[in-house]
Amino acid sequence: MKKKLPGHIIRILSLMMVVYYLFLSWVTHRAGFDHSEALFLSEKLRLLFETDEQTLLILGTTFPSIPFLSSIVFSPLGYLFAPIACSILFTVLLFYFILMDFNEDSSFSPRLFLPIVLIIFILHPGIIYSATSGRSNAASFFFFYMVYRSFFKFYQTQTSFYLSMSSIFLSCLIFCNFNFIWLLIAFFPFIVLVSLEGLKISKDQPPMNQYFEAINIRSQRRKLTNRTVAIYIVIFMLPFGAAGLFYYLNNTHAANGVYFLSSQYANWRVTGLDFIDGLLEQFADTNLRYQTQLVFQGYALLLTPLLIGTLFFFRGKLYETFTVISPFIWMSVILLSARYYLTIEYYLFLLILAFTILIFKISSRHKKGVLYPVLIIATVLNIGTGILYFKRTNDVLETQFYSVLTNSKTWFEPRTESENARIARFINEIADEGNKVLLDDAAAYTIVPYLESLKKVVLPLQESFVTVVENPPLGARYMVVAKRVNKLHNYTVLNAYNLALMQKRINLQPLMLLETDNWVVYSM
Amino acid sequence: MPLCGLHNMVTAGLFSEKKLQDAEAIANDYGYATIKAALNFGFLTRKEYVGFLEEEGFPLIDIRAEELDLLYLEQCDLQHLNAFLYCPVRMEADGLLVAAGDPMDEKLIAGLSSKFDCPIKMVAASDLDITWLVHKYRGEYYVKEAVFSLMRKDPESSGIITFTDPQLISIFGMIMLFFVLLVVNFVKTAIFFNLLLSVTFLFAILFKLFLALRGSQSELQESVTKEEVMAVDNSTLPIYTILLPVYKEDKLIRKLIWNLRALDYPRDKLDVKLLIEEDDDKTLNAVRALDFPANFEVIVVPFHMPKTKPKACNYGLFFSRGQYLTIYDAEDIPDADQLKKVHVLFNKLTPDYVVLQGALNYFNKNENFLTRMFTLEYSYWFDYMLTGLQTVDTPIPLGGTSNHFKLDKLIELGAWDPFNVTEDADLGVRVFEKLYRIGVVSSTTLEEANNEPFNWIRQRSRWIKGYMQTFLVHMRNPAHLVQRIGWKGFFGFNFFIGGTSVTFLVYPVLLMFFFVYLIFDLTAVKALFPPWVLYVGIFNFIAGNVLMIYINMLAVFKRRYYELILFAMLNPVYWLMHSIAAYKGLWQLIYKPFYWEKTNHGLTKMSHSSAAAAASTT
């Protein structure tokens with residue numbers, strides 16, 4: 001009989017993880033790191049609660065919806081903290097479920113699985129990054145795990161409960177990262193085999209004989225077709241239904257069905273991703289050079305030794321093998337259209353997959369002498385590859401985070417003020433309700449969360465914004481303009497180009513009050 | 001030893017000694033005349049017996065046409081009259097004329113002679129006519145008990161009053177408040193009620209989804225295994241009463257007998273009662289015309305309003321002798337081992353389980369759109385929802401048939417409410433209120449799915465009206481209900497019993513809003529409802545529909561009805577039919593609360609065997 005970990009120990013460990021991640025998020029924040037996606041979500045929360053205009057549009061179209069809506073729960077703790085609290089929550093939930101599943105469903109003893117899980121969740125920089133940065137990745141990881149967990153549980157039990165749960169979690173996953181809609185394509189190939197498993201055809205025969213019977217006997221073929229179609233429908237119905245409903249609502253209320261994907265006001269990814277064109281000069285010896293078809297999957301696998309170790313012991317049926325392969329198929333589809341750098345989450349999904357396989361498909365009794373050392377070594381190696389990833393990343397924010405995280409000397413030094421916070425402090429000092437600041441949160445969403453009050457600014461969601469942009473002195477005294485070097489220069493109307501036009505058109509005479517690397521604050 | 005007609009039949013070589021012994025054993029166990037046991041337990045056909053009586057010089061008289069002197073009949077107890085199949089007709093010059101099922105029953109003759117202290121002149125009459133007559137004239141006390149017993153013992157649980165005064169005051173108060181609010185602020189009131197309706201709609205469906213998912217977790221669990229059923233020792237089985245309330249089901253009688261014969265339960269321990277209404281000569285004659293032995297006892301329910309199935313069942317209870325009791329409809333095809341499973345499960349469960357619900361499904365599922373939708377609905381209801389309800393410990397509304405009771409507990413609970421048209425759902429809640437429990441047995445009874453739209457609406461309007469009645473009865477004192485069943489039970493009851501009717505009533509209203517907004521894009525609608533209200537409303541409506549379709553889709557898995565999955569997409573149409581039925585039910589609740597909308601059975605062109613054959617060849 002397997003020795004189990006008492007439930008309260010898992011709960012205590014989870015609470016300790018909360019404290020650990022809270023601490024790390026605090027120190028990285030103190031050291032000046034704030035992720036722009038977290039700031040984007042913070043800004044939307046602020047707009048939701050502090051303005052009366054476009055409430056519906058903010059609530060209904062801000063994407064990814066699940067991390068955003070979950071952050072609302074934490075907004076009383078502070079707009080800046082809410083997305084971070086949300087990412088900590090999802091990471092710890094993932095930690096909790098993985099431990100619980102190891103404890104209940106796997107054949108491993110706590111002596112093995114506890115070190116593996118703790119090492120990964122405490123030391124892996126990618127996991128720490130997801131937990132403490134306030135990004136939506138944490139929610140994606142959690143739902144990704146739940147989808148595959150449900151699949152493997154369905155294979156074990158053959159009850160429609162887990163099939164439904166996989167469908168529900170898949171919908172949630174899509175609403176954390178819309179790219180996962182392509183995962184449905186990856187599920188196509190193996191559903192037929194899954195459905196065959198559910199039909200009681202010559203169970204004692206080899207699989208080939210079962211396939212032969214299922215395809216050549218008319219009644220069996222009909223049953224197989226019906227069951228396959230039924231499983232497809234049950235898995236795909238909710239994700240497609242939810243996406244369709246969301247499209248319809250966007251179309252009705254924003255006059256654009258894909259507003260949630262294409263608008264910089266609704267989706268951080270529109271402005272937050274690093275496009276490959278802009279990164280080509282950093283091509284040599286970085287992760288970017290491996291982000292091509294086939295190479296990427298191999299590279300991601302190489303950076304996940306735990307999955308390699310797990311696959312080494314994996315013995316499954318054909319459909320289980322296809323299930324394991326499906327994230328790789330998904331990656332291929334992503335690479336077809338992705339023109340941006342694939343950040344850490346696209347690697348970490350494989351790590352989550354490794355846990356799923358380890359829990360549900362690896363027996364600790366199989367090659368025990370080799371299994372334990374291999375898994376422990378792979379886990380330790382996984383920390384190393386995580387570090388390697390961050391050292392070679394092309395993402396500025398990931399680099400910044402890693403540098404802050406590894407430079408512990410800066411943790412307790414006097415608080416470092418970020419560029420966004422500095423501008424916000426300046427606006428807080430100069431502006432009041434009579435002397436407002438014109439701000440376009442398409443690019444300046446990183447500044448808004450630091451402001452003292454939204455009453456001092458004119459934002460695009462306000463009806464007066466269009467008028468004020470046409471003739472700024474009519475509604476504002478100051479203006480925050482994106483410099484040409486600002487990565488988001490092209491996403492905002494308040495950029496250097498439009499400023500030049502304004503000067504020409506209405507004879508505007510702006511006076512520069514503050515200049516930072518990316519922004520200039522003018523007085524009009 | 002006193003002789004009876006059957007002894008003479010044995011002597012004449014028309015009946016075997018073995019059968020006689022078996023019939024006598026049953027007669028002793030049940031306290032019946034031997035002829036009653038022989039005619040009702042499948043030993044003898046009525047036609048054979050009538051032929052024998054004529055040969056013996058006892059031609060049947062038409063007792064229903066005879067002049068009856070009630071003075072003598074009233075001196076006899078109905079239970080005895082019914083058990084020994086006789087009826088004192090009138091006093092004649094040469095003695096008391098008594099019509100009997102067995103005019104050669106010496107024990108009966110001796111007993112009657114002693115009772116009336118006069119010579120007895122026996123004539124033969126049909127046992128069915130005697131039964132009809134004695135119940136008609138001597139069943140008054142029993143039928144009144146069947147109707148008013150619950151009202152007398154537990155007035156709080158009786159549905160004789162549809163709306164209590166406080167309920168009426170609350171309902172009209174709310175309507176008045178609604179109008180006052182409309183006058184004070186039309187737009188805000190409209191917004192509030194729009195949101196209330198759409199949120200209730202979505203919440204009720206989410207609750208159903210939750211229950212269905214909970215239920216699907218135990219999809220493959222068998223509460224009783226085949227091995228456990230195989231291990232049952234027949235000699236230890238108790239008497240099992242089966243009530244078969246019928247009304248003008250003459251076409252189904254033959255089918256009924258075959259279905260009962262298929263039950264794997266000792267014949268002598270099956271106490272089957274066919275409950276026929278007094279004015280239902282069609283069914284009575286169909287029984288009379290049978291040319292093979294019947295395996296049920298006919299009980300004639302005397303006329304009394306309300307003319308409902310629960311009243312008939314309550315009446316049948318007085319003549320039931322089983323330790324367990326179940327109800328089947330005439331067209332039902334229960335799993336052969338269902339009764340044994342129930343026995344095993346009752347023995348496994350704690351004593352507070354007093355009723356077990358079997359799953360219902362349909363044998364004619366592929367007949368048309370309605371039968372397909374009905375099958376999907378029943379599949380998710382019985383296979384998922386009821387199991388889900390059981391896991392969350394909230395009241396389970398029992399299904400119309402295949403609910404198996406412990407008879408003593410059923411009587412203790414006050415049996416069925418004759419004023420409630422979904423007496424089974426009401427009883428389910430009452431069981432929960434009295435702190436007993438309901439279990440779900442993994443056994444199926446196949447029924448005939450309603451395949452005709454108007455017939456379907458009639459049936460469904462009764463069900464929805466019954467749910468409304470049940471809701472009103474148990475919500476007479478909400479605080480008291482919470483006290484008895486707890487908040488969880490209260491919440492479950494409100495959303496499952498109350499919410500079901502409300503969602504059907506609300507559905508067309510939401511649908512209308514949706515289409516007005518979608519097609520006409522009326523400025524007035526936009527002025528009335530700000531965009532966020534429309535957003536929430538549309539979200540709730542579409543999400544609710546999608547989820548309901550999804551729940552229906554789940555239903556196909558347990559029974560492998562995969563071919564029906566696409567029909568789940570038509571659920572919104574099916575719901576519209578529910579809404580029509582709901583409004584009809586609401587109208588009847590107000591004007592004809594106790595009216596029993598009769599569902600016509602036997603409309604299907606498919607039999608169970610033809611359906612099974614069709615399934616196996618495809």
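**A tour of chains A and B**

Start by selecting Lys248(B), which counts as partly exposed because it has 18 C-beta neighbours inside 10 Å (a residue is buried if 20 or more other C-beta atoms lie within 10 Å of its own, exposed if 12 or fewer, and partly exposed in between, with C-beta atoms placed from the backbone). This is a predicted model, in which local features need pLDDT of at least 70 and side-chain atom pairs count only at pLDDT 80 or more, while totals for chains, interfaces and linings use all residues. Residues are numbered from 1 along each chain as its sequence is written, and chains are lettered from A and ligands numbered from 1 in the order in which they are written.

Lys248(B) sits in the loop between strand E5 (240–246) and helix H13 (253–261) of chain B; helices (H or I, at least four residues) and strands (E, at least two) are DSSP runs, numbered from the N terminus. Its phi is near 50°, a positive value in a residue other than glycine.

Next, select Leu435(B), in the loop between helix H19 (423–433) and strand E12 (437–447) of chain B. Phi of Leu435(B) is also positive, near 65°. Leu435(B) counts as exposed, because 9 C-beta neighbours lie inside 10 Å.

Stay in chain B for Met305(B) and Pro306(B), which are joined by a cis peptide bond with omega about -5°. Pro306(B) belongs to the loop between strand E7 (297–301) and helix H15 (309–317) of chain B.

Move to chain A and select Phe63(A) and Pro64(A): the peptide bond from the former to the latter is cis, with omega near 0°. The loop that holds Pro64(A) lies between H3 and helix H4 (65–74) of chain A.

Now show the interface. Here 22 residues of chain A are in contact with 22 residues of chain B (C-beta atoms, placed from the backbone, within 7 Å). H12(A) gives the largest share of the chain A side, 14 residues.

Finish on strand E3 (residues 478–482) of chain A. Five of its five residues are buried, so the strand is largely enclosed by the rest of the structure. Tyr478(A), Val480(A) and Ala482(A) point one way from E3(A), and Met479(A) and Val481(A) the other way. Strand E1 (residues 437–438) of chain A runs parallel to E3(A), joined by two bridges, and strand E5 (residues 519–523) of chain A runs antiparallel to E3(A), joined by five bridges.

Terms used: Two strands pair if DSSP finds at least two bridges between them. Two residues are in contact if their C-beta atoms, placed from the backbone, lie within 7 Å.
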